[in-house]
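We will go stop by stop.

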Amino acid sequence: GRSVVTLDDLSTGQIRELLHKAEYIDAHRREVAHACDGRVIATLFYEPSTRTRLSFETAMLRLGGQVIGFAGSQLASVTKGESIADTLKTVSNYVDVVAIRHPKEGAALVAAEASSVPVINAGDGGHMHPTQTLADLSTIQARFGRVTGLTVGLCGDLTFGRTVHSLIETLCRFGDVRFVLVSPDELKCPQYVIDRIEATPSCSYVECRDLASVIGDLDVLYMTRVQKERFFNEDDYLRLRDTYILDESKLAAAKRDMAVLHPLPRVNEIAVEVDDDPRAAYFEQVKRGMLMRMALESSVIGDRLPGYEPLGAVDT
Ligand code: CP
């Protein structure tokens, strides 16, 4: 098995296969319930999480495996000064796969290099969150039957929102996407992500500050939380946090089949009234996150899913 630190660790054929596998798992929960019997995952979370940790764990439990780990490093030997590398050289003796979340960019790569079993990045600082992107792709695929040929708006904190960076880079690999990047000037998309769009001839982008003026063009609207924990200055956070609030009145100008995604947790970015709108896809996204983690965990360990026929997708 191989580690997944960024989605560049998977070919587009492998990503298509995972999307297909997740659909199979959803329709065959009983058949796959023992696919990972006897396996153990470690979830090492040095940063808060609700969805990612609990879905990594549920995914393994629903495949018949078991879970160890820590949530919050205060109870682990990191408080005594242990390095990530030493932690992985230790924990990888115990388990078949590791999921790690850490506030520092690059931590998952350090972990993967030290580990004797596959490591899955569950978010490293403001850098990448590949399994969130798998959930996002699965949700877009379910809504539109494809992940290409769409106008995808990303709105909010495009500087620190690691899920935004992973999603844009991956959609560029599939190609034929028009990005609309909506943010305050202080929270624009980093240049390395823009470079990725510019290097993809079939993709284009516009940057703007005003959501209302572009919402009618969008097929997907990916809302994000302003990442308080990555700000150096509380005043900047308070000034910027409520820049965009999606409510029913703003949604009135959107296409009837637009899909609203959000990696969650939300603070104020989406009014609760939007939850009942058929365009709200963010709790469906949560479910798809668990299914994609089931697909990924079984794949990196190398366990077969009974009855599953591979898509045999051509690698590109
Ligand atoms: N989307 C996401 O990563 O949520 P958590 O921080 O709750 O895991």
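Start at the ligand. The residues of the shell around the ligand divide by class into 3 nonpolar, 5 polar and 1 charged. Keep in mind that this is a predicted model.

Now select that shell by name. Ser-49, Thr-50, Arg-51 and Thr-52 are among the residues that surround the ligand.

Next, colour by domain. Domain 1 takes residues 7-128 plus 289-301. Domain 2 takes residues 130-285. Where does the ligand lie relative to domain 1 and domain 2? Both domains give residues to the shell, so the ligand lies between them.

Zoom out to see both domains. Their centres, taken over C-alpha atoms, are 25 Å apart. Now look at where the domains touch. Domain 1 brings 20 residues to the contact, and domain 2 brings 21.

Stay on the domain 1 side of that contact. Select helix 1 (12-27), helix 2 (51-62), strand 4 (119-124) and helix 10 (282-301). Each of these elements gives two or more residues to the side that touches domain 2. Which element gives the largest share? Helix 10 does, with 5 residues. By class, this side of domain 1 has 10 nonpolar, 8 polar and 2 charged residues.

Last stop: select residues 2-141. An unreviewed UniProt entry annotates this span as "domain: Aspartate/ornithine carbamoyltransferase carbamoyl-P binding". Residues 2-141 are 40% helix and 17% strand. The end C-alpha atoms of the span lie 25 Å apart.

Terms used
Residues are numbered from 1 along each chain as its sequence is written. This is a predicted model: local features need pLDDT of at least 70, side-chain atom pairs count only at pLDDT 80 or more; totals for chains, interfaces and linings use all residues. Domain bounds come from an automatic or database domain assignment. Two residues are in contact if their C-beta atoms, placed from the backbone, lie within 7 Å. Helices (H or I, at least four residues) and strands (E, at least two) are DSSP runs, numbered from the N terminus. Ala, Val, Leu, Ile, Met, Phe, Trp, Tyr, Cys and Pro count as nonpolar, Asp, Glu, Lys and Arg as charged, and the others, Gly among them, as polar. A residue is near a molecule or strand if its C-beta atom, placed from the backbone, lies within 6 Å of it. UniProt positions are given in the numbering used here, feature names are shortened, and annotations may be inferred rather than shown by experiment.
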